[in-house]
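This briefing sets out selected features of the structure shown below. The points are grouped by topic for reference alongside the coordinates.

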Amino acid sequence: MAARKLAIIGGRVIDPVQGIDRVVDVLISNGKITGVASSSSDNAYDDYEVIDASGKIVSPGFVDLHTHLRDPGQEWKETIVSGTRAAAHGGFTTVCAMPNTDPVQDSAAVVEDVMRRAAADGVVRVLPIGAISVGQHGKQLAPMGELAEAGVIGFSDDGNPVADANLMRQALKYSVELGLPIINHAEDKKIGAGGVMSAGLVATRLGLAGVPAEAETAMVARDLHLADLTKARLHIPHISTIGSLVALRSAKECGVNVTAEVTPHHLTLNDEWVFGLKGEIPAQVGSEAYDTNTKVNPPLRSRADVEAVIEALSEGLIDIIATDHAPHAATDKVCTYDEAAHGINVLETAFASVFGLVDASKISIERLIESLTAGPAAILGRDLGSLKKGFSGDVAIIDPGSKWVVDPNEFASKSVNTPLRGVELTGRVVTTIYQGETVFDLRGAIGTFSEGVKAGAGQ
Amino acid sequence: MTNPTTTAGNGAATGAKSDHEVAQVASQENVALPPRKHLLDLDDLTAAEITDLLDSAEGMLEIIGRDVRKTPALRGKTIITMFFENSTRTRVSFEQAGKILGADVINVTASASSVSKGESLLNTVKTLQAMQIDALVVRHPHSGAPYFISNHTDASVVNAGDGTHAHPTQSLLDLFTVRSHVGDLTGKKIAIVGDVLYSRVARSNIIAFQKMGAEVTVSCPNTLIPDEWQLDSTLGSETGFGGLKLARNVDEAIDSTDVVMALRIQQERQDAGHLPSLREYSDRWGINAQRMALANDGALLMHPGPMNEGVEISSEVAHGAQSVVEEQVRNGVAVRMAVLYTLCAPGKSTRLAGGGDEAQAQA
């Protein structure tokens, strides 16, 4: 592959890092960006493979800070192979793998195994996240130094919040020397004990136990104060409540070293989706209600919370979008709401679902792309998320006018747990290029990859 | 409840002749036949449909009073009661209802079924489905379980209580009981006192009594109502319980009401911190003679059972002149007969296509 030269011509290139938003050609050679050139019909790319991107948006490949690949341990839900292909389908060229695998990514051995297999079998870049505590049990710090040397990009106990405030304090403090963020799922499990969806009118109507927004807000506030105390880097995953945003704003104003992410679903869906009618409120509860594909943690919040996170993302209070892609097998979702697993399959719908907010003029396309590229790359502190010369040749090409209906059976992911089944979205990733290789191209059959892609998997 | 649109053929294939015969059977049993497949909650029934069901229960009550309590109305039908939670009165009530109507009733309890062996609810339902049953009466600790089941079986599903969501047959029997004493419910006042947050009976009864025109007020500790509700207020329509009054205290709730309904309070509420103690609950919310005196003369006292006498209700009033607790139990059988008959009467089978049903209707 090394000799391949690629020219992506005639597209609207949006690269927030370089301040580019105009029609230019993107040139890639030997897997690296070699530069951008003004588009002209006079440009001769004789020895290049040319991709005509006219009418399309050309973005740096997306970077996802929050992905569940389920591998090792739950390979029936997702694998490194299927998960990275799902990422490619969604325009993501970098995914950060959450450590809640089996075994947990709490030792160099497990992390190195994931990295080795990702390099061999993955079609996009996989960066592992290490556990904060041994086994994610919240009792004893994981060997964070060893994990950092193995290559983790941060630490998280994922769905297990660090409940012990002193352990959280020590984790933050210990991480300072390593320069890596602590990513703590903020939820006081006692406040909403037993809750399966957001507390509120819908939960009351359906007789489902509700989790108040304050279960998140309370722990976000605690973590912000501990980050202030320790001067450590705190990254707040999937922020979703108005109260959390108030605390975040205040902390940022005080100079706390904090970043925050929001998921596509918390930006676009609210708790009314649990009625099973794609956000409509029925006069009576029908058999479509209790849609287990809407069960996720943090739960889908109120309309007001959704409006607040959109505004916060738009203005930059929330730094980035991350997917919290959480694939689950059918048996985890074809059951009662109480029994259902938390999590939504997001990678392949992420861009298009949020692009609806661009269409609705609630967020700019530039900000959307920044929050999927430059923003997460800055948190990682790596040369990613831009089309700068010398950066990895990672590109997502988007057709902004494409209308498509979500059919999970076309997903590259092994799982189909999305509440967006049958929903029409506008804007679609049509081509994904990773290190100069085309790893997804919609012009091929949907859900399959060309031979070239599979050959490129070995890098 | 959902209309039987998914069982293509049942309604259409029976045709006019069959419908006529069904109507005849219905009139013999004094039963109306709304085109329903499931009874999951009362929220999608009109007041007229509820009245039809209550009217048919009147006829059923007459059957229960006969020397030989048996009709062939559901002969050859198989009803399974599937209880994933302990219950004596509701399960027995359904069983008796089915048996009086001539159906074969099979009781499945979670502890005795394959559920305890780790089989999923979906596979349990599919297994029962394969045995060609006509109705599944389900009690489940998870809200929405009967809705889930209704999506995976051709049988009629009757919700016998799901989690903290709904208990529609309890509400029907409560409506039936009150109606038999006061007639039209329009403008009548009912106070529901107890664990509103966790009570499916409260939820279903608020919807049911409001639908029939009654004014409903609830009273309980502030820890036992949803966070978005406020004491001393009236809920708006956006809540799905529009018009429900939340009394400041129990005396205010009971004052000048026609019906007082006490709900069971459970030890778990004390353990989970909702209550200081059952003693304090009894003192502040327990229904006793002194509190009943605040209600209108002749007001009814109800309880869905099982009662914690001396906690939410004093023995004196539980067995006093105003108590209709035992009537509720008796009426429960009649109401459940009406529900089972309506859902799986001959000619309305959700299992067989039209031809077979006609033959059965003539039998």
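Predicted model: local features only at pLDDT ≥ 70, side-chain atom pairs only at ≥ 80, totals over all residues.

How many bridges join strand 5 of chain B to strand 9 of chain B, and do these strands run parallel or antiparallel? The count is four, and strand 5 (residues 189–193) and strand 9 (residues 259–262) run parallel.

**Sheet of chain B**

- At the level of residues, B:Ile190 has B:Val259 of strand 9 as its bridge partner.

**Helix 4 of chain B**

- B:Leu121, B:Val125 and B:Leu128 are the buried residues of helix 4 of chain B.
- Viewed down the axis of helix 4 of chain B, these buried residues fall within an arc of 65°, so they line one face of the helix.
- The face turned away from the buried side of helix 4 of chain B carries the exposed residues B:Thr127 and B:Ala130.
- The cover over the buried residues of helix 4 of chain B includes strand 1 (78–83), strand 3 (135–140) and helix 5 of chain B.

**Contact between chains A and B**

- Chain B contributes 27 residues to the contact and chain A contributes 22 residues.
- On the side of chain B that touches chain A, the elements giving two or more residues are helix 4 (121–130), helix 5 (145–150) and helix 7 (200–211) of chain B.
- Helix 5 of chain B gives the most to this side, with four residues.
- By class, this side of chain B has seven nonpolar, twelve polar and eight charged residues.

**Domains of chain A**

- Chain A is divided into domain 1 (5–58 + 393–456) and domain 2 (61–380).
- The centres of domain 1 and domain 2 of chain A, taken over C-alpha atoms, are separated by 26 Å.
- In chain A, 32 residues of domain 1 are in contact with 44 residues of domain 2.
- Strand 15 (395–405), strand 16 (424–434) and strand 17 (437–441) of chain A are the elements that give two or more residues to the domain 1 side of this contact.
- Strand 16 of chain A gives the most to that side, with seven residues.
- The residues of the domain 1 side divide into 21 nonpolar, seven polar and four charged.

Notes: Residues numbered from 1 in each chain as written. Chains lettered and ligands numbered in written order. Domains from an automatic or database assignment. Contact = placed C-beta atoms within 7 Å. Nonpolar A, V, L, I, M, F, W, Y, C, P; charged D, E, K, R; others polar. Pairing = 2+ DSSP bridges. Buried ≥ 20, exposed ≤ 12 C-beta atoms within 10 Å, placed from the backbone. Arc of directions from axis to C-beta.
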